[in-house]
Amino acid sequence: MSLKSKGWGGEVTMRNVMSRNWAFLLCFCSFCAGVLFTNRLWMVPESRPSRIGAERIYSEPDGCNQKLVIKHTSNDSPGEATNHVIQELNKTISNLEMKLAASRATHASVHNGSPISGNLKTLQSNSKKKYFMVIGINTAFNSRKRRDSVRATWMPQGEERKKLEEEKGIIIRFVIGHSSTAGGILDKAIEAEEQVNGDLLRLNHVEGYLELSGKTKTYFSTAVAMWDAEFYVKVDDDVHLNLATLGMILSKHRLKPRVYIGCMKSGPVLARKGVKYHEPEYWKFGEVGNKYFRHATGQLYAISKDLATYISINQDVLHKYANEDVSLGSWFIGLDVEQVDDRRLCCGTPPDCVWKAMTGNICAASFDWRCSGICRSVERIMDVHERCGEDKNAIWNARFSQ
């Protein structure tokens, strides 16, 4: 027997009412089960120490984006697999930081009206190329004769310099900023020299002897934004360089992520005013008479890509001491950086570099310590080049393998 009720559209039985209630209850239960199942999918799985395999992570380009891909491997031991995962993550993070630094440097250069903004086509064309090293030759407005003496000795010119970039991945540029009166006679002279030689890198920096630390920061930041290289080198324009020997030295350290290469020293902190290399902030280094921390001498040094990127990212907060080489060394204190002391990067001029070449120990760089460069370099660098320079085909025959 069923109960019936009357409505506007007819009679509806109580059995139909019960059916609707059951349908509602089933829908509600299904909803709850779905929520529970979804939450379980998003839970992070617990680590399982008993697993022999590991998950290898690497980056894979996906159009304009970059995504991380996880690949399972079962051949490595748990410890080795974990170390490999960490290394791959560090590499991916380092690459992303470098791209971010390059983007920031480009944006800042355009915004501030830096000379680099005139080279945006060069920057964009080089953004995907991989180079071995970038050599920045520190120079000044009144050093035209020094630059010409370098061009006439160890620095390839014209088509040879382009060939060096394409075949060996070696970029060489004279590095200079602008004068305090932008657009003045000094800047116009540099622009005319650039049109003739095409080997200058202009920086968003006001030239001045007391501003070398700031110029160093700007150089590395600009170079890492323009060229993706494994090493970034700074050398003075009164130093003789053997490119093939320098390349062979750096190639031995290609697998090290954070390496700082040069002739390491730890000289005295000069507190007395009026003397050369006076350090106004001498009190930061302890008692009077203390020595500096170990750092590479300023005539020539090289740093890896990660360190150049670090400088670019943190350039606004890196402190500048009076001496440029001290400043660079201070920026790496507290970082996990390997210092490489190689005395082939600071040989003397003849007869020192001649004796070493005769024993098969060719020098990468030669200069006079008493002059912090080659004394009277314009007159003497050709003699140094003829007596201590490597064979002219050495750079073309060199193989900078890992």
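Q: Which side chain does the side chain of R151 make a polar contact with?
A: That of D148, at 2.9 Å. Keep in mind that this is a predicted model.

Q: Where does R151 lie?
A: In helix α4.

Q: Buried or exposed, for R151?
A: R151 counts as buried, because its relative accessibility is 9% and the cut-off for buried is under 20%.

Q: What does R151 touch, leaving out residues up to four places away in sequence?
A: R144, Q157, F174, E193, N197, D199 and L200.

Q: Which residues of α4 and α6 meet?
A: On the α4 side, R144, R147 and R151; on the α6 side, I190, E193 and N197. By class, that contact has four charged residues, one polar and one nonpolar.

Q: How do the axes of α4 and α6 cross?
A: At roughly 10°, and they come within 13 Å. Helix α4 covers residues 144-151 and helix α6 covers residues 185-197.

Q: Roughly parallel or roughly antiparallel, then?
A: Roughly parallel, because the crossing angle is roughly 10° and angles under 35 degrees count as that, which puts α4 roughly parallel to α6.

Q: Switching to the whole protein: how many helices and strands?
A: There are 13 helices and 13 strands.

Q: What share of the residues counts as buried?
A: 44% of the 402 residues.

Q: What about contacts between residues at least 6 apart in sequence?
A: Of those, 73% join residues at least 24 apart.

Notes:
Residues numbered from 1 in each chain as written. Predicted model: local features only at pLDDT ≥ 70, side-chain atom pairs only at ≥ 80, totals over all residues. Heavy atoms only, no water. Helix = DSSP H or I, 4+ residues; strand = E, 2+ residues; numbered from the N terminus. Buried < 20%, exposed > 50% of the residue type's maximum accessible area, 1.4 Å probe, protein only. Contact = heavy atoms within 4.5 Å. Axes fitted to C-alpha atoms, helices over the stretch in contact; angles between N-to-C directions. Parallel < 35°, antiparallel > 145°, perpendicular 65-115°, else oblique. Nonpolar A, V, L, I, M, F, W, Y, C, P; charged D, E, K, R; others polar. Polar contact = N/O pair within 3.5 Å; in protein donor to acceptor, adjacent residues only side chain to side chain.
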